[in-house]
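Here is a short briefing for a reader who is meeting this structure for the first time. The points after the display are grouped by topic.

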Amino acid sequence: MNLKLDRFIDSYNGEEFDVTIIGGGITGATLAYEAASRGYTVALIEKKDFGGATSAATGKLIHGGLRYLKQFEIGLVREALKERRILSNIAPNLVYPYPMVLPKPGLIARIGLFVYDLLSFDSKWTWDESKQIPNHKYLKRKELLEQNLGDFEDAAFFYDAICLSPERLTLSFLKSAVSYGAKIANYTVVDDLIWHENAVVGIQVHDALSQKKYQIRSKVTINASGPWTHNILSKSPKTEQPMPKKRSEGIYIITKKLTNLMTLYVGEKGHFSFAPWRGHSMIGPTEKSYFGNVEDWKLTKESILEFIDYINETSHIKEKLSIDDVVFAYGGLRPLIESSDDTYSASRRSELYDHSRDGIQGLITAAGGKYTTSRHFAESIFKRIKKKLKKKSTENISAKQYLYASQIPNIEIFIQGAQKQNTEFSEKTIDYLVRHYGLQYEIILELARKTKNLAAVLNADGEILAEVVYVIRYEMAKSLSDIFLRRTGLGTLGILSDEIMKAIIDTAAAEWNWSEETKKKETESIYKILKLPV
């Protein structure tokens with residue numbers, strides 16, 4: 001499988017589409033796949049890079065939303081649990097069952113877990129038996145210690161699922177969409193909506209790389225721009241303010257390894273978890289209201305310190321955390337569909353806003369929602385699109401077949417076979433490449449075979465330099481941050497050694513034929529991004 005992604009905007013000739021999607025996060029990506037696989041012509045544009053912003057500000061869980069039972073959102077939890085199973089089916093290389101403990105569960109938590117099991121009655125209907133999720137159980141201190149699950153008086157032990165790389169799952173949906181004819185472009189910015197009387201008939205954009213301007217016309221335009229939802233709608237007085245301006249800020253920190261499995265804590269300001277991840281602990285999320293300009297938001301040292309204080313107050317860790325224990329931090333803004341002051345309790349339901357209710361045709365806003373339920377949300381959006389266009393579609397297949405390059409019936413057996421067939425590479429390298437790139441891992445290995453230095457191992461996970469070349473040639477990476485944070489895992493534990501950083505940057509610069517000035521500018525930028533805020 002050697003699908004090559006290209007920015008359609010580079011050779012755009014004025015083609016009109018059935019659907020244009022603004023936003024290349026998980027909502028836009030799943031919708032592009034849903035619409036293209038149903039026989040509609042689709043264009044998707046993203047102002048920066050795919051899978052960034054909100055879609056990257058995640059704890060990587062694919063979960064049913066146990067805490068939403070407190071708000072009696074039974075339908076949302078059932079939908080999420082069903083989608084958890086579907087994602088583990090269609091993306092078996094990326095989504096896995098994930099154990100966790102909830103220390104000292106109270107009566108409400110115990111009832112919630114009982115209902116959680118009832119609502120996930122289909123959790124064993126998986127294509128791969130290794131993806132089946134068992135019911136929860138309660139363990140006392142002796143059992144917890146014997147099973148190395150933590151030192152607690154008692155705890156609930158249960159499973160949800162984790163996505164190894166949400167950014168790559170987003171990319172998998174985009175690749176699937178492109179395989180059905182969708183046209184996509186990153187670094188393409190919306191300047192304005194195109195109007196014909198009271199109908200939106202397209203968007204005016206400019207290419208952020210070439211600065212060229214284009215008009216992209218379509219029968220329906222979908223605003224799936226996440227925290228930028230209001231910004232898009234504010235481009236015209238006709239569409240301004242149908243949704244709240246408030247966003248929820250969420251951050252995560254990466255520290256030395258503190259727990260052997262995911263441990264949940266609930267405090268007055270919300271929940272957070274310690275999750276083992278790549279030999280470290282991933283701790284988060286925070287929940288905090290944000291009312292400012294989306295472009296002005298940034299991760300701050302103050303936010304990290306505030307979170308560390310809350311962790312030390314609420315969790316049961318024996319040694320207090322400090323800023324010196326943090327190796328990397330990331331975060332972002334989440335759009336909310338409610339105006340409540342409490343962002344933690346605010347609904348994570350997805351919401352469609354069809355602007356025809358305001359007398360405006362051709363525009364739909366898709367906001368809110370959860371990462372887990374994005375595929376199902378895309379189905380709902382498509383139903384609305386189909387009703388508007390009155391165009392026949394093909395059968396719905398997004399829940400019934402593997403995502404592009406993920407056709408692996410038994411992931412563990414497949415990896416063992418790949419390791420035996422490629423003994424010139426370490427088992428860790430093969431394991432990492434198969435789980436993150438699916439069947440396209442073979443292209444990366446071939447690049448490494450042809451150019452020996454590309455076989456160089458870059459980190460403890462076994463990532464190799466050939467990935468850098470691959471993501472530039474095949475996956476539309478256009479900057480160092482695309483490579484380090486959204487195509488590979490090379491930057492998600494912070495700055496690597498100077499020698500390895502130089503090898504990656506030199507390889508990328510040669511592939512892009514950068515000038516020394518551009519290389520210097522990009523190098524300064526990636527170091528600033530990967531460095532903790534001061």
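The charged end of Lys60 sits over the ring of Trp277, 4.9 Å from the ring centre, where sitting over a ring requires NZ of Lys or CZ of Arg to be within 6 Å of the ring centre and within 35 degrees of the ring normal. This is a predicted model, in which local features need pLDDT of at least 70 and side-chain atom pairs count only at pLDDT 80 or more, while totals for chains, interfaces and linings use all residues. Residues are numbered from 1 along each chain as its sequence is written, and side-chain values use heavy atoms, with hydrogens and water left out.

**Charges and rings**
- The charged end of Arg110 sits over the ring of Tyr138, at 4.2 Å from the ring centre.
- The structure holds 21 aromatic pairs, a pair being rings of Phe, Tyr and Trp (its six-membered ring) with centres within 6.5 Å, counted as stacked if the planes are under 30 degrees apart, as edge-to-face if over 60 and as tilted for the rest.
- Phe8 and Tyr12 form an edge-to-face pair, with 5.7 Å from centre to centre and 85° between the planes.
- Tyr12 also pairs with Phe17, and this pair is stacked, with 6.3 Å from centre to centre and 15° between the planes.
- Phe17 counts as buried because its relative accessibility is 1%, buried meaning under 20% relative accessible area, exposed over 50% and partly exposed in between (1.4 Å probe, protein chains only).
- Ring pairs also link Tyr265, Phe272, Phe274, Phe307 and Tyr310 into a cluster.

**Annotated region**
- An unreviewed UniProt entry carries the annotation "domain: Alpha-glycerophosphate oxidase C-terminal" for residues 420-519, with positions in the numbering used here, feature names shortened, and annotations that may be inferred rather than shown by experiment.
- Residues 420-519 are 59% helix and 0% strand, and their end C-alpha atoms lie 39 Å apart.

Notes:
Helix = DSSP H or I, 4+ residues; strand = E, 2+ residues; numbered from the N terminus.
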